[in-house]
Amino acid sequence: LFAGDYSDFEHEINQLRTYQGQSDVFVINPKGTILAPTFGGGANSLVTQMLGDDAIISSDFGGNPPYEKMKSVARICFKHWLEQSNVLFIIGGKSNNTDIYETFRAMADALREHFGAHGPTPLYVVIGRGGPNLVRGMGAMRDTVEALGLPYRFFGFDSAMSEVVNYALAADRWMKAGGREQVAKAMG
């Protein structure tokens, strides 16, 4: 109905709406520095409020998206926002049905491919999540971010979401205060 109000990014994500997996997204601040693909409406509400103007998008990508859909979502997010991002903040509550391994593997593959096609981007990766196949999913993501030379911190389901958000905000402040240059130098 109001397609003219959508950004190119929002339009691309909306093309992925299917029966399986959510793809709800809204650009909050096109000049933000934290890219936060979020899983779950409750997580989205908390994260969006706490990140404030540092957040680039408000999103809910939950609902157990299959690998290919999640990889497409991540690819679109990275294409539009990764270059300006200081922090890639993947966050959600403890899932009952989303396969964390599939979503993290898809996002890790999209991140690796983005770096291969567009070159490295200094980035701090923060993850807070819980649910089925969490350890396996975090292992896949860890292997990718270590191979790319990115600093990271992962939190499990036993961590308070508000504290994980505070950590992401602190990482963003550090990146703005010279950390981005340090990460770039370490990445070569």
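Predicted model: local features only at pLDDT ≥ 70, side-chain atom pairs only at ≥ 80, totals over all residues.
Is Asp54 buried, partly exposed or exposed? At 22% relative accessibility, Asp54 counts as partly exposed.

The side chain of Asp54 forms a salt bridge with that of Lys176, at 2.8 Å from N to O. Asp54 belongs to the loop between helix 2 and strand 4, whereas Lys176 belongs to helix 6, so the pair ties together parts that are 122 residues apart in sequence. Lys176 is partly exposed as well, with a relative accessible area of 46%.

In total, the model has 8 salt bridges. Another of them joins the side chains of Glu12 and Lys79, again with an N to O value of 2.8 Å. Here Glu12 sits in helix 1, residues 8-14, and Lys79 in helix 3, so parts 67 residues apart in sequence are tied together. Glu12 is partly exposed, at 23% relative accessible area.

A further salt bridge, between Asp109 and Arg112, has an N to O value of 3.0 Å. Both residues lie in helix 4, residues 100-118, and because they are 3 residues apart, about one helical turn separates them. In general, an α-helix has 3.6 residues a turn, so residues three or four places apart point the same way. Asp109 is buried, with a relative accessible area of 14%, while Arg112 is partly exposed at 39%.

I turn now to helix 2. Which residues of helix 2 are buried? Within residues 41-51, they are Ala43, Asn44, Val47 and Leu51. Viewed down the helix axis, these buried residues fall within an arc of 100 degrees, so they line one face of helix 2. They pack against strand 2, strand 3, strand 4, strand 5 and helix 6. On the face turned away from the buried side, helix 2 carries the exposed residues Gly42 and Gln49. After helix 2 comes Gly52, with a positive phi near 55 degrees.

Finally, the backbone angles. Most residues other than glycine have a negative phi. Asn64, however, has a positive phi near 55 degrees; this residue is found in the loop between strand 4 and helix 3, and is partly exposed at 21% relative accessibility. Asn133 likewise has a positive phi, of about 65 degrees. Asn133 is placed in the loop between strand 6 and helix 5, and is partly exposed, with a relative accessible area of 37%.

Key:
Residues numbered from 1 in each chain as written. Heavy atoms only, no water. Helix = DSSP H or I, 4+ residues; strand = E, 2+ residues; numbered from the N terminus. Buried < 20%, exposed > 50% of the residue type's maximum accessible area, 1.4 Å probe, protein only. Arc of directions from axis to C-beta. Contact = heavy atoms within 4.5 Å. Salt bridge = Lys/Arg side-chain N within 4 Å of Asp/Glu carboxyl O.
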